[in-house]
Amino acid sequence: GGWQMKLRLAQAVLVDADILLLDEPTNHLDDGTVEWLTTYLSNLTETTVICVSHDTPFMERMCTDVIHYEQRAVWGPHRRLVHYKGKMSAFVEKQPQAKHYFELSTTDLKFTFPEPGRLEGIRTSTQKFLEMENVDYRYPGAKENSLNGVNLKMSLSSRVACVGANGAGKTTLIKMLVGETQPSNPEGSKLFIHHNLRVAYVSQHAFFHVEQHLEEAPAAYIQWRFKDAYDKEKINSEMYRISPEEQTRIDDFGLEAIWSRRVRAGILEYEVKKRNIKERDNKYYSKNELLSMGFDRLLKQTDEKIAAKEAGLDLRPVTVTEIQKHLDNFGLAQEFGTYGKIRGLSGGQKVKLVLAAAMWNCPHLLVLDEPTNYLDREALGALSAALNEWGGSVLMISHSKEFYGSVCKEEWIVGDGKVIVTGTSKEREMKAVAKKKKYDKEIEGEELLDKVGGNVNANGDKYKDAATNFWGKALSKKEARAYEKAKKKGDVKRMREQLQVPMGKVMPGFEELGDGKTN
């Protein structure tokens, strides 16, 4: 990410423009590069620089004027661009309500993260669930290691910032921690990751997956991703996808499915169902045995699905109502979460969606790669407060000392192939405990029609009774009555209007109403 941003800046500099437009130019950049960019922009005398940025120290040193997009009571519901002479600090003196540009703790926005839930065998917040000993990593085809002799450990109390220059190997280290890559010296090292550990990884390029669903609502995206009680996006990713070669090995072995998993005498074992073999003859194989047969991705998928079940995803309703409640906890209102499209979201709103989706499975470890990119100051304050309240473990890559210093007391400094640990994460309250999950029952069918005053004596009619609209919202009394009248008349167009079914869409369970184009 850092090298790509440097390349874009180099291209912009070579243009020798009269007006230089910069949108979040410090994203992904290390401190040395930000220092160079600040000096370069400040010394320009023949170029007008217009910059959008949430990096307050950078803006304070670089800008001479501030254009603020603000709202005042006398303007009604509208906002205007207001010009202020002077630096950011001078602007805040004139507009004290904007002090959150300098202080993360002054935000009114609030994020609420779901607690991680029980992790088998982990009884205290300081008990390690991840450990590295003498780990090396070398990229395939490279002559030298990118990382040498890495020794690390993490627990639920861990609040860690991974820092270093662009290209030092921070992302390489993170990929090993989340299981995307393996040590280059497996015989001479140890990499322990708890088999039920749920990890939420928000990468530098997290927008990529979300932007495959631009025409869908955020709630519909989460519904698609988790409707099968596991993270479909993760299972379909390159890290988990079963290769043709592995599939051939699976077929040759006659493996039909992995049914369950257990720990016996400290060894992880998997129950294997083979084709044309009765269930009572299922056999248990150890993890090492299955790995030696070349079933690496199959085991990853199995572990991920079991971990999702441990989180209760098989019980959690994937309805628009339940998803919107979750999105509300991340500051994405119904206007955007249920009724808007991902295409229409701002960069900051997309980050909120990515965070909300990552936290749906109640992870134990949240890995954030450059979390300050695209989030405004208010959202950064909310994220900092939420992370400090949350009961899970946090690992972040960030160049913003102001932000990571508000959360992390432990630093992993990556450079010259080494990882140096400084500081210590303090012991925290143990919140990852077993709790019975309760979800509000959604009223539907005749029960809802009774409640809203609709007619429930419609058995045998061609069209179904309706309790909720296309977006999962309960029908009002007026809507329910109008729908009933239209149903009795067979007025499909009117029924679609009351259920708010978009043109060209078919409402699940109400296929008889068509797509609106042929009726």
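Author: A residue counts as buried under 20% relative accessible area, as exposed over 50%, and as partly exposed in between, with a 1.4 Å probe and protein chains only. This is a predicted model, in which local features need pLDDT of at least 70, side-chain atom pairs count only at pLDDT 80 or more, and totals for chains, interfaces and linings use all residues. Residues are numbered from 1 along each chain as its sequence is written, and side-chain values use heavy atoms, with hydrogens and water left out.

Reader: Is Tyr40 buried, exposed or partly exposed, and what is its relative accessible area?

Author: Tyr40 has a relative accessible area of 24% and is therefore partly exposed. Trp36, at 45%, is likewise partly exposed.

Reader: Which residues does the cluster of ring pairs link?

Author: The cluster consists of Phe111, Phe113, Phe330 and Trp390.

Reader: How is the packing of two helices described?

Author: Two packed helices are described by the angle between their axes and by the distance between those axes. Axes are lines fitted to C-alpha atoms, for helices over the stretch in contact, and angles run from 0 to 180 degrees between N-to-C directions. Helix α7 (residues 218–226) packs against helix α12 (residues 320–328) at about 110 degrees, with the axes 9 Å apart. The two helices are therefore roughly perpendicular, a class that covers 65 to 115 degrees, with under 35 roughly parallel, over 145 roughly antiparallel and the rest oblique.

Reader: Which residues of α7 and α12 meet?

Author: Contact means heavy atoms within 4.5 Å. Pro218, Ala219, Ile222 and Gln223 of α7 meet Val320, Ile323 and Leu327 of α12.

Reader: Where does Ser157 lie, and what does it touch?

Author: Ser157 lies in the loop between β6 (147–154) and β7 (159–163). Its relative accessible area is 2%, so Ser157 is buried. Leaving aside residues up to four places away in sequence, Ser157 touches Ser125, Thr126, Ser425, Lys426, Glu427 and Arg428.

How values were computed: Helix = DSSP H or I, 4+ residues; strand = E, 2+ residues; numbered from the N terminus. Phe/Tyr/Trp six-rings, centres within 6.5 Å; stacked < 30°, edge-to-face > 60°.
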